[in-house]
Amino acid sequence: MRTYKIAAIPADGIGPEVIDAGSEVLSVLAQRAGDVRFDMTWFDWGSAYYKKNGVMMPEDGLEQLKPFDAIYFGAVGAPDVPDHITLWGLRLPICQGFDQYANVRPTKIIPGVTSPLRNVGVGDLDWVIVRENSEGEYSGHGGRAHRGMPEEVGTEVAIFTRVGVTRIMRYAFKLAQSRPRKFLTVVTKSNAQRFGMVMWDEIAAEVAQEFPDVTWDKMLVDAMTVRMVKNPQSLDTIVATNLHADILSDLAGALAGSLGVAPTANIDPERRFPSMFEPIHGSAFDITGKGIANPVATFWTASQMLDHLGEHDASARLMRAVEKVCADGILTPDVGGNATTKEVTEAVCDAIRGDNA
Ligand code: NAD
Ligand code: MN
C-alpha cells in the first residue's frame with residue numbers, strides 16, 4: 001500500500017465546496033486502485049481563521065505543512081478582508097516559503113465544454129503555461145512614501161535574478177521537450193522593460209542551447225494576448241514572468257471555456273518541500289453556498305498532484321472520468337449546463353468506478 005499524506009486547505013468561499021468534491025473523488029480513486037491511500041489532514045486556515053486570530057495561518061504554519069507529500073488548496077478571498085491580506089497571509093507564504101518556483105497551468109478544451117472562440121474545438125487549444133512563481137512583481141519589494149499627501153509615491157519593484165530566470169527557463173524547456181510538439185514560446189516585454197526583461201531574453205537563448213531538439217520563439221506579452229485569441233493552434237508550451245503569466249493564464253482559462261476548469265500546480269521541482277495544487281480561480285463569493293461551483297479545475301489539479309506523486313495511472317483515470325462526464329453534458333452553469341457541484345462530482349466518481357482501462 002502506498003500512502004500519501006495530503007494537507008487539505010479549503011480556505012474561503014467556494015474553496016471548501018470544490019476541495020470537498022476533490023477529496024471525495026480522491027477517495028474513490030484510491031478504492032478503485034486498491035493499493036493507494038490518501039491520508040488527508042484538514043486545516044481551517046483562511047479568512048474565518050483570520051477574523052478570529054488576526055492571522056491567516058498560525059506562525060508555525062509552514063512547519064506544520066512540511067511533512068506532507070502535497071498540499072491541496074482551495075482559494076482565498078473574503079468580501080470583508082482586504083485581498084492583499086488574504087493573499088500575502090496564506091497562499092504566497094506557502095509558494096515562497098517552499099520555493100515552489102514553477103507554476104504549471106495546463107489549458108485545453110475539454111470535450112463538451114465550448115470555447116468562446118469561433119471554430120476552436122478539442123485539440124485546437126492545448127497549452128501549458130509555465131509561470132515563474134518566486135520573483136518579478138510578486139517579490140514583495142517596494143514601498144510607499146508621503147502617504148495621502150499630494151506628493152505620495154508608491155513603488156512595486158520587479159526582481160529578476162539569473163538563478164531564478166535560469167531555473168524556470170530550464171523547467172520550461174524540459175517540459176516543452178516532453179510534449180509531442182517540442183515547442184516553447186518565451187514571453188516578455190523587453191521592448192519597454194530594458195533590464196530584467198532583456199535578461200530574460202538573453203537567458204532564454206542560453207538555456208535553449210541545452211535543448212537543441214526544442215524549437216522556440218519569443219513574444220511580447222501584449223502581442224501574445226492577440227496570438228492566443230487569433231491563432232491558438234500556433235502555441236504549445238509557454239513561459240512567462242509571474243505577473244505576465246498570471247494574466248495570460250486567466251485569459252487561457254476563459255478561452256478554454258471557464259475559469260472553473262483551469263487548474264494550477266505550484267511545484268518545487270527539486271522536491272525539497274511539498275508542492276501545492278489548486279484551481280486557478282478565486283473564492284468566487286458571488287456563487288458561494290449555491291452549490292454550483294465547477295469542481296473540474298479542482299479535479300484536474302488533483303490529477304496534476306497524482307502525476308507529481310508518481311501515480312500516473314490514477315491521474316489518467318481521473319482525467320478520463322472528467323472528460324467523459326463533460327462530454328456527456330453533465331456541466332455546471334459557468335460552462336453552460338445546469339448540474340450542481342454534487343451532480344458533477346457523483347458522475348465523476350461513477351465514471352472512475354466504471355473505468356475498466
Ligand atoms: P474568482 O476567480 O473568484 O471569480 C471570477 C468569476 O468566475 C466569478 O464570476 C465567479 O463566479 C466565476 N468562477 C470562478 N470559479 C468558478 C467555479 N469554480 N465555478 C463557477 N464559476 C466560477 O475571481 P474574483 O471574483 O476576481 O475574486 C474573488 C476573490 O478571490 C477575491 O478576494 C480575490 O482576491 C480572490 N482570488 C483568490 C485566488 C486564489 O486563492 N488563488 C485567485 C484569484 C482571486
Ligand atoms: Mn491570478
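**Close-up views of a predicted model**

**View 1. Asp201 is partly exposed, because 14 other C-beta atoms lie within 10 Å of its own.** The classification places C-beta atoms from the backbone and calls a residue buried if 20 or more other C-beta atoms lie within 10 Å of its own, exposed if 12 or fewer do, and partly exposed in between. This is a predicted model, in which local features need pLDDT of at least 70 and side-chain atom pairs count only at pLDDT 80 or more, whereas totals for chains, interfaces and linings use all residues. Residues are numbered from 1 along each chain as its sequence is written, while chains are lettered from A and ligands numbered from 1 in the order in which they are written. Asp201 belongs to helix α6 (residues 196–208), where helices (H or I, at least four residues) and strands (E, at least two) are DSSP runs numbered from the N terminus. Leaving aside residues up to four places away in sequence, Asp201 touches Thr188, Ser190 and Lys218, a contact being a pair of residues whose C-beta atoms, placed from the backbone, lie within 7 Å. Between the C-alpha atoms of Asp201 and Ser178, which are 23 residues apart along the chain, the separation is 22 Å.

**View 2. Lys182 and Ala284 are shown for their backbone angles: phi is positive at about 45° in Lys182, which is not a glycine, and near 45° in Ala284, likewise a residue other than glycine.** Lys182 sits in the loop between α5 (162–178) and β8 (183–188), and it is partly exposed because 16 other C-beta atoms lie within 10 Å. Ala284 sits in the loop between β12 (275–279) and α9 (296–309), and it counts as buried because it has 23 C-beta neighbours inside 10 Å.

**View 3. Ser115 lies in the loop between β4 (102–108) and β5 (126–132).** With 18 C-beta neighbours inside 10 Å, Ser115 is classed as partly exposed. Its contacts, not counting residues up to four places away in sequence, are Ile109, Val120, Leu125, Leu255, Ala256 and Gly257. Ser115 and Ala254 are 139 residues apart in sequence, yet their C-alpha atoms are 7.8 Å apart in space.

**View 4. Ala8 is found in strand β1 (residues 2–11).** Ala8 is buried, since 22 other C-beta atoms lie within 10 Å. Beyond residues up to four places away in sequence, Ala8 touches Ile19, Ser23, Met40, Thr41, Trp42, Phe43 and Tyr72. The C-alpha atoms of Ala8 and Val186, which are 178 residues apart along the chain, are separated by 33 Å.

**View 5. The largest nonpolar core has 103 residues, and those touching the most other members are Val25, Ile71, Val239, Leu318, Val322 and Val348.** Helix α1 (residues 15–33) supplies the largest share of this core, with 8 residues. At least three residues of the core come from each of domain 1 (1–102 + 267–357) and domain 2 (115–141 + 154–256). Such a core is a set of buried Ala, Val, Leu, Ile, Met, Phe, Trp, Tyr and Cys residues joined through C-beta atoms within 7 Å. Not counting residues up to four places away in sequence, Ile71 touches Ala7, Ile9, Leu65, Ile94, Pro274, Met276 and Phe277.

**View 6. Domain 1 and domain 2 have centres 25 Å apart, taken over C-alpha atoms.** The bounds of the domains come from an automatic or database domain assignment. In the contact region, 9 residues of domain 1 meet 12 residues of domain 2. On the side of domain 1 that touches domain 2, helix α4 (residues 83–97) gives the most, with 3 residues. That side has 6 nonpolar, 2 polar and 1 charged residues, where Ala, Val, Leu, Ile, Met, Phe, Trp, Tyr, Cys and Pro count as nonpolar, Asp, Glu, Lys and Arg as charged, and the others, Gly among them, as polar.

**View 7. Ligand 1 is surrounded by 19 residues, of which Gly77, Gly260, His281, Gly282 and Asn294 are the closest.** A residue is included in this shell if its C-beta atom, placed from the backbone, lies within 6 Å of the ligand. By class, the shell around ligand 1 contains 8 nonpolar, 7 polar and 4 charged residues.

Key: Contact = placed C-beta atoms within 7 Å.
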